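Welcome! Please take a moment with the sequence and the 3D view, and then read on for a guided tour.

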Amino acid sequence: MAYDEGLADLMRDALAETGGITEKKMFGGLCFMMDGNMLCGVHKGGGMFRVGKDNIAQPLAVDGAQPMAFTGRVMSGFVDISDEALVDDQRREVLMGLAKSFVGALPAK
């Protein structure tokens with residue numbers, strides 16, 4: 001398994017009351033989809049959140065967050081977060097809120 005199941009459970013708990021959530025294994029990790037759009041996920045060593053390229057400054061200000069560079073190339077609109085930051089309820093909630101706001105405005109797939 002390329003991701004920590006404990007981190008996946010943290011994300012599941014954080015999304016328990018959010019409608020339209022499904023899980024999909026991809027990129028060697030586990031992604032959580034909201035109405036068919038990628039919202040967030042976990043991977044070896046941490047997680048990621050989709051916040052939108054126009055909203056990137058606020059999530060990057062969260063300690064432990066950085067631009068997501070999955071293949072060595074920055075993925076616009078996504079932030080990567082360390083496992084240490086992901087287990088911190090306050091930091092995870094800030095990033096989850098930003099991701100839900102962005103993805104919630106997208107049309108369902």
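## How to read the model

This is a predicted model, in which local features need pLDDT of at least 70 and side-chain atom pairs count only at pLDDT 80 or more, while totals for chains, interfaces and linings use all residues. Residues are numbered from 1 along each chain as its sequence is written, and side-chain values use heavy atoms, with hydrogens and water left out.

## The chain as a whole

Let's begin with the overall layout. The chain has four helices and six strands; these are DSSP runs numbered from the N terminus, with helices being H or I of at least four residues and strands being E of at least two. Along the sequence, they follow the pattern α-β-β-β-β-α-β-β-α-α.

The C-alpha trace spans about 30 × 30 × 30 Å along its principal axes. A compact globule of 109 residues would have a radius of gyration near 13 Å, and the 12 Å of this chain agrees with that. (The radius is taken over C-alpha atoms, and the globule rule is 2.2 Å times the number of residues to the power 0.38.) Buried residues make up 39% of the 109, where buried means under 20% relative accessible area, exposed means over 50% and partly exposed lies in between, using a 1.4 Å probe and protein chains only. Taking contacts (heavy atoms within 4.5 Å) between residues at least 6 apart in sequence, 55% join residues at least 24 apart.

## The open sheet

Six strands make an open sheet in the order β1-β2-β3-β4-β6-β5, with antiparallel pairing. Two strands count as paired if DSSP finds at least two bridges between them. At the edges stand β1 and β5 (65-67), each with a single partner strand, so one side of each has no neighbour in the sheet. From one strand to the next, the twist averages 25°, based on axes that are lines fitted to C-alpha atoms, for helices over the stretch in contact, and on angles from 0 to 180 degrees between N-to-C directions.

Which residues of β2 are buried on each side? Gly-29, Cys-31 and Met-33 are buried on one side, and Leu-30, Phe-32 and Met-34 on the other. In a regular strand, side chains alternate between the two faces of the sheet.

Strand β1 (residues 21-26) pairs with β2 over six bridges in the antiparallel sense, and Ile-21 has Met-34 as its bridge partner. Their hairpin has two residues between the strands, and Phe-27 takes a positive phi near 55°. Five bridges join β2 to β3 (residues 37-43), also antiparallel, with Met-33 bridged to Met-38. This hairpin too has two residues between its strands, and Asp-35 in the turn has a positive phi of about 50°.

## The nonpolar cores

A nonpolar core is a set of buried Ala, Val, Leu, Ile, Met, Phe, Trp, Tyr and Cys residues joined through side-chain atoms within 4.5 Å. The largest one has 24 residues, and Met-11, Leu-39, Cys-40, Val-42, Phe-49, Leu-86 and Met-96 have the most contacts inside it. Two or more residues each come from α1, β2, β3, β6 (78-82), α3 (83-86) and α4 (89-104). The largest share, five residues, is from α4.

Leaving aside neighbours within four places in sequence, Met-96 is in contact with Met-11, Ala-14, Leu-15, Leu-39, Cys-40 and Phe-49. A second, separate core of six residues includes Met-33, Met-48, Met-68 and Phe-78.

## A buried threonine in a loop

Is Thr-18 buried or exposed? Thr-18 is buried, because its relative accessible area is 17%. This residue lies in the loop between α1 (5-14) and β1.

Not counting residues up to four places away in sequence, Thr-18 touches Met-34 and Lys-100. The side chains of Thr-18 and Lys-100 make a polar contact at 2.7 Å. Such a contact is a pair of N or O atoms within 3.5 Å; within protein, one must be able to donate a hydrogen and the other to accept it, and residues adjacent in sequence count only if both atoms are side-chain atoms.
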